[in-house]
Structures are given as structure tokens and as C-alpha cells.
Amino acid sequence: MTLGSLGNSSGMSSTFLLSGVPGQEHMHIWISIPLCFMYLVSILGNCIILFIIKTEPSLHEPMYLFLSMLALTDLGLSLCTLPTVLSIFWVGARDIGHDACFAQLFFIHCLSFLESSVLLSMAFDRFVAICHPLHYASILTNTVIGRIGLASLGRSVALIFPLPFMLRRFPYCGSPVLSHSYCLHQEVMKLACADIKANSIYGMFVIVSTVGVDSLLILLSYALILHTVLSITSRSDRFKALNTCVSHICAVLLFYTPMIGLSVIHRFGKEAPHLVQVVMGFVYLLVPPVMNPIVYSVKTKHIRDRVTHAFCH
């Protein structure tokens with residue numbers, strides 16, 4: 001008996017099976033149309049934002065440099081899930097090897113937590129701009145912005161780097177079916193035929209130390225911003241100051257709401273319908289990259305003017 005047949009006879013699995021929309025397999029080709037449209041909008045929208053910021057010297061300011069980081073992150077999130085999602089909905093190819101799955105979840109989680117860091121950096125940018133406007137240029141220099149970006153990337157990579165290796169040491173047996181069209185750590189670890197307590201604890205630690213800390217600091221930033229804005233005597237100046245935060249607040253809500261919802265469903269919503277998990281999964285990974293370029297194009301005058309000029313001429 002060969003090692004391969006021994007593995008098969010013992011129920012061990014060498015691949016995982018990704019899922020589309022349960023019970024709607026006959027509709028996958030039609031479901032793929034809005035998904036493709038969302039991917040197209042996400043990729044084109046974020047590329048346009050990056051192109052405009054790069055080619056317009058007047059936009060080489062801290063706020064727009066952080067926006068370009070957000071666009072790069074959203075672009076990466078879209079590209080790392082695109083192959084598996086479209087392969088399922090177009091040709092029904094559900095199999096994914098363990099190493100490919102671990103690599104995909106590394107990039108998904110790394111980019112997700114990087115986006116959280118970028119949103120925190122953008123909150124800090126708004127805090128300095130509104131609460132310390134005279135020191136804005138001296139505090140947020142290009143060097144400082146570069147260091148913030150590298151620190152954010154370093155934190156995400158350092159925290160997510162152990163996950164693939166922690167998952168790789170497990171044997172996987174039984175039904176290797178995942179709930180989504182891509183790999184997530186909290187999904188894959190549940191398929192292991194071993195004690196996953198260490199993975200579960202480390203996963204919770206990562207979420208608390210990134211999303212938890214970042215969201216609290218963002219709330220603190222806006223509490224200080226609100227305190228400063230309310231001290232401004234002119235009503236029009238108060239409105240103008242708050243209006244510069246609207247796009248960022250929308251981006252924060254678009255990112256944190258589905259992420260927290262999906263995490264709660266995976267950890268505590270065992271009785272939730274499978275369809276709810278699938279829909280939340282697509283909302284979590286597709287809605288922020290699609291909506292962020294639209295929100296910033298509509299609400300930010302300099303971006304809106306450049307987009308209008310580009311398409312009208």
C-alpha cells in the first residue's frame with residue numbers, strides 16, 4: 001500500500017473544497033455577473049484613485065497619500081480573492097490545495113489588518129488637521145507618513161506570518177468543505193483533526209491587538225475631533241471641519257461593520273444559516289473595495305474634480 005492510498009484510506013484530505021452559494025449551484029453563472037461587476041468596479045476605481053493621486057502634484061499631501069495606501073490595500077484584497085471566486089462561479093472548480101489555501105488566507109488577513117491600520121492612520125491625519133492645524137505640515141511629513149506605512153505593514157505581516165505554519169502542522173480529515181469561495185483562518189482551523197485551542201487563542205489575540213485597538217483609537221480620535229469642533233464659534237467652520245471627516249467615517253463603517261459581523265458569526269453564530277455566512281463573507285471582502293473609491297470620489301472635491309475632468313476630456 002502506497003503512502004497516498006494510506007492517506008486516502010484514513011480519511012485524510014490533501015485539498016479543501018471551496019463553496020459558492022449553497023443550493024444555488026444552477027444559478028452560479030448568473031450570480032457571477034454582479035460579482036464580476038463588483039470586482040471590475042473595485043479594480044478600476046482603486047486604480048483610478050491611485051493614478052489621479054500619482055499624476056496630480058497638488059494631491060501629494062498626507063490625506064491623499066493615506067488614501068493611496070487605502071486604495072492599494074483594497075486593490076490587493078480584490079485581486080487575492082478574484083481567482084478562486086471566479087473559478088467557482090464560472091467553471092465550478094472548487095478544489096484548492098492546502099499550501100495555496102494557506103497562502104491565500106495569509107494575504108487576505110494581512111491586507112485586512114493592514115486596512116485597519118491605514119484607517120487608523122487616516123483618523124490620526126484628520127485629528128492633526130483639525131486639532132493642530134498650524135503643526136499639520138511639520139507633524140505629517142513624507143518621512144513620517146512613510147514610517148507609518150511601513151510600521152502598519154510590518155505589524156500585519158508579523159502577526160499573520162505564523163498562521164500558515166500553525167495550520168500546516170495539522171492533519172485534515174473528514175469533509176474538507178469551507179463555507180466561502182476563499183480561505184479564512186477561522187474556517188480552515190475548524191477542519192483540523194487536532195486540538196485547535198492554540199490557533200483559536202492566537203486568532204483572538206490578533207483580532208483584539210489589531211481591529212480592537214485600532215477601532216478604540218479611531219473612536220478616541222473622533223472624540224477629540226468632536227471636542228475641538230464644538231469649541232469653534234462659527235457654525236460654517238464647524239460644518240466645514242466635520243465635512244472633511246465624512247469620507248473617512250464612511251470608510252470606517254464600511255470596513256469594521258462587516259468584519260465584526262463575520263467574526264461574530266464564525267465564533268458564536270453556529271446556528272446561523274449557511275447563506276448568511278456566505279453573504280456576509282462577500283460583503284466583508286467586496287463592499288469596502290467597491291465603495292471606498294466611490295465615496296472618496298463623491299465626497300472629496302479634489303478627487304471628484306480630477307475624475308470629472310478625466311472623463312469629460
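**Talking through the model**

Modeller: Serine 42 has its place in helix H2 (residues 28-55), where helices are DSSP runs of H or I with at least four residues, numbered from the N terminus. This is a predicted model, in which local features need pLDDT of at least 70 and side-chain atom pairs count only at pLDDT 80 or more, while totals for chains, interfaces and linings use all residues. Residues are numbered from 1 along each chain as its sequence is written, and side-chain values use heavy atoms, with hydrogens and water left out.

Colleague: Is serine 42 buried or exposed?

Modeller: Serine 42 counts as buried because its relative accessibility is 0%; buried means under 20% relative accessible area, exposed over 50% and partly exposed in between, with a 1.4 Å probe and protein chains only.

Colleague: And which residues is serine 42 in contact with, leaving aside its neighbours within four places in sequence?

Modeller: Those are Asp74, Ser78, Pro289 and Val290, where contact means heavy atoms within 4.5 Å.

Colleague: What about methionine 291, where does that lie?

Modeller: Methionine 291 lies in helix H12 (residues 274-299), and it counts as partly exposed because its relative accessibility is 30%. Methionine 291 and valine 41 are 250 residues apart in sequence, and their C-alpha atoms are 8.8 Å apart in space.

Colleague: Switching to pockets, what volume does the largest one have?

Modeller: The largest pocket has a volume of about 540 Å³. Of the 17 residues that line it, Met63, Arg126, Lys240, Ala241 and Thr244 are the closest to its centre. For the terms, on a 1 Å grid over the protein atoms alone, a cavity is a set of points where a 1.4 Å probe fits but cannot get out, a pocket is an open set with protein on both sides within 12 Å along at least five of seven lines, and lining residues have an atom within 4 Å of a point. Grid points are joined across faces, edges and corners, and a volume is the space filled by probe spheres set on the points.

Colleague: What about the largest nonpolar core, how many residues has it got?

Modeller: It has 85 residues, and those with the most contacts inside it are Phe16, Leu67, Leu119, Tyr172, Val188 and Ile303. H4 gives the most to this core, with 18 residues. Such a core is a set of buried Ala, Val, Leu, Ile, Met, Phe, Trp, Tyr and Cys residues joined through side-chain atoms within 4.5 Å. Leaving aside neighbours within four places in sequence, leucine 119 is in contact with residues including Leu70, Ile218 and His248.

Colleague: Last one, which stretches does the UniProt record annotate as "transmembrane region"?

Modeller: The unreviewed entry includes residues 65-90 and 201-225 among them. Over residues 65-90 the chain is 100% helix, with the end C-alpha atoms 37 Å apart, and over residues 201-225 the chain is 100% helix, with the end C-alpha atoms 35 Å apart.

Conventions
UniProt positions are given in the numbering used here, feature names are shortened, and annotations may be inferred rather than shown by experiment. Helices (H or I, at least four residues) and strands (E, at least two) are DSSP runs, numbered from the N terminus.
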